[in-house]
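Q: Could you walk me through how to read some features of a protein model?
A: Gladly; let's take them one at a time.

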Amino acid sequence: MTTPPSQSAAGAPAGSPDPAAGCPADHGTVAMFGPRFINDDRDELYRDMRRQHGAVAPVTLPGDVPAWLVLGYRELHHITENPALFTRDSSVWNMWDRIPPDWPLMPMVGRQPSILYEEGERHARRSALINDALGEVDPFELRGYAEQNADALIDSFCRLAEADLISQYAKKLPALVLAKLYGFTDEEGASLVPSVNAVVNGAADALQGRQHLQSSMGALLRSRAISPAADVSTRMQTHFNAGEFSSEEILEDMMVNIVAGHEPTADWIGNSMRLMLTDERFSASLSGGRNSVAEAMNEVLWEETPSQNIAGRWTTRDTHLAGKRIRCGDLLILSFAGANADPQIRPDRTAFTGGNSAFLSFGHGAHRCPYPAQEIAEGIARTGIEVLLDRLPDVDLAVPPEELRWRPSPFLRGLESLPVTFTPTSALGGGR
């Protein structure tokens, strides 16, 4: 069997020879589900790993399964621009004989009929389909849907003087808007929200949530085959009717888009609101300074990006990366958060990022988040924050900032809750 990362040269001291095949990794290997990876100060961990291992560090996944964590900005660029060497096809993984069917990360690495695992020309065609379907979303229509749903959510708690902006707002808004863009009714969209969150969070009812999401998406596609409309589902359906992709592939891509579009956008809203409520640089946002909203959202994509680490890429042959010997079939986990903090591109972390958008929070290369999807996420998040500040201008944290807790995930960065207080106000009822 090919030597796994935990048996290769990772972490060897500078100037020492590569260990022979079969030697264990050094003591610096970090468990991605260990206490250091799920604590609040992720920055300190990335700095320690970079000091000890450089731009590529050995890590272990559940079951002591080895992998590489790519922390370097340039290294991540290199990987995502070379799909022939670093593939999304997980079938080449050299660890499959150690992976049980119920392995907790199977949803991340098990091959599925979605665009996430396509390569080459076929991936390019599927990507173009998604770009076309999402690219025709009218930005004014998008903002209208976002405002309507934001107002409805705020109406549900605005009289109470307090709320949790995560569970009562951020974790609902993106799924509601995306469902509407796809072609679901408001009632159908509301019924999808718990299912989307269950799938994302890996909850006990995740399988049931996926089944509900799958059946709902399938029913919508069948309906649009008979009665087309000006929505994303109809535009996706046209390619199925043309015979280019199967109904299963179209369905999987629609599910990927709504799930992948919801969670990072929800955390983008929550993380941005946290920043504006705790950092005096953005206090103008709380008194109507709209420019500060965009600046805070941009800062979050550098400092607390919702998508922290992504699995991943697999090497198709032996290679070297940042001085490490990477064996054929090794798993590389892309650390967008680590790359965004790379001192080679950001030597002064105290400097305000301003309008710099060179972050890797949306990925890079052929498998990056589609540009139209990025624009939709930004539209939902910014509108959601602006409407909230319009409706509740004196919103403030209900607890000291140090009491806020991040969800214990090495892959996503989002708050468990964001409790706030505000002056009670009346509901809009009929909307704006």
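**Reading the model feature by feature**

A: Let's begin with a loop: Asp64 is found between strand E2 (56–61) and strand E3 (65–70). Helices (H or I, at least four residues) and strands (E, at least two) are DSSP runs, numbered from the N terminus. This is a predicted model, where local features need pLDDT of at least 70 and side-chain atom pairs count only at pLDDT 80 or more, while totals for chains, interfaces and linings use all residues. Residues are numbered from 1 along each chain as its sequence is written, and side-chain values use heavy atoms, with hydrogens and water left out.

Q: What is the phi of Asp64 near?
A: Most residues other than glycine have a negative phi, and most peptide bonds are trans. Here, phi of Asp64 is near 60°, a positive value in a residue other than glycine.

Q: Which peptide bond is cis?
A: The bond from Ala311 to Gly312 is cis, with omega near -15°. Gly312 belongs to strand E6 (residues 309–315).

Q: How do I read the packing of H7 and H14?
A: Two packed helices are described by the angle between their axes and the distance between the axes. Axes are lines fitted to C-alpha atoms, for helices over the stretch in contact, and angles run from 0 to 180 degrees between N-to-C directions. In this model, the axes of helix H7 (residues 173–182) and H14 come within 10 Å and cross at roughly 130°. That makes H7 oblique to H14; angles under 35 degrees count as roughly parallel, over 145 as roughly antiparallel, 65 to 115 as roughly perpendicular and the rest as oblique.

Q: Which residues of H7 and H14 make the contact?
A: Contact means heavy atoms within 4.5 Å. Leu173, Pro174, Val177, Leu178 and Leu181 of H7 meet Ile376, Ile380 and Gly384 of H14. By class, the contact of H7 with H14 has seven nonpolar, one polar and no charged residues. For these classes, Ala, Val, Leu, Ile, Met, Phe, Trp, Tyr, Cys and Pro count as nonpolar, Asp, Glu, Lys and Arg as charged, and the others, Gly among them, as polar.

Q: At what angle do H4 and H11 pack?
A: Helix H4 (residues 120–135) and helix H11 (residues 247–278) pack at about 60°, with their axes 12 Å apart. H4 and H11 are therefore oblique to each other. On the H4 side are Arg122, Arg126, Leu129 and Ile130, which meet Glu249, Ile250, Asp253 and Asn257 in H11. By class, this contact of H4 with H11 has three nonpolar, one polar and four charged residues.

Q: What is the order of the strands in the open sheet of three?
A: Two strands pair if DSSP finds at least two bridges between them. The order is E5-E11-E10, with antiparallel pairing. Strand E5 (162–164) and strand E10 (396–397) stand at the edges, each with a single partner strand, so one side of each is left without a neighbour in the sheet. E5 and strand E11 (residues 419–421) pair over three bridges, and Glu162 stands opposite Thr421 in E11.

Q: Where does Ala366 lie?
A: Ala366 is in the loop between helix H13 (336–340) and helix H14 (371–391). Ala366 touches Thr80 and His123, not counting residues up to four places away in sequence. Ala366 and Glu81 are 285 residues apart in sequence and 7.5 Å apart in space, C-alpha to C-alpha.
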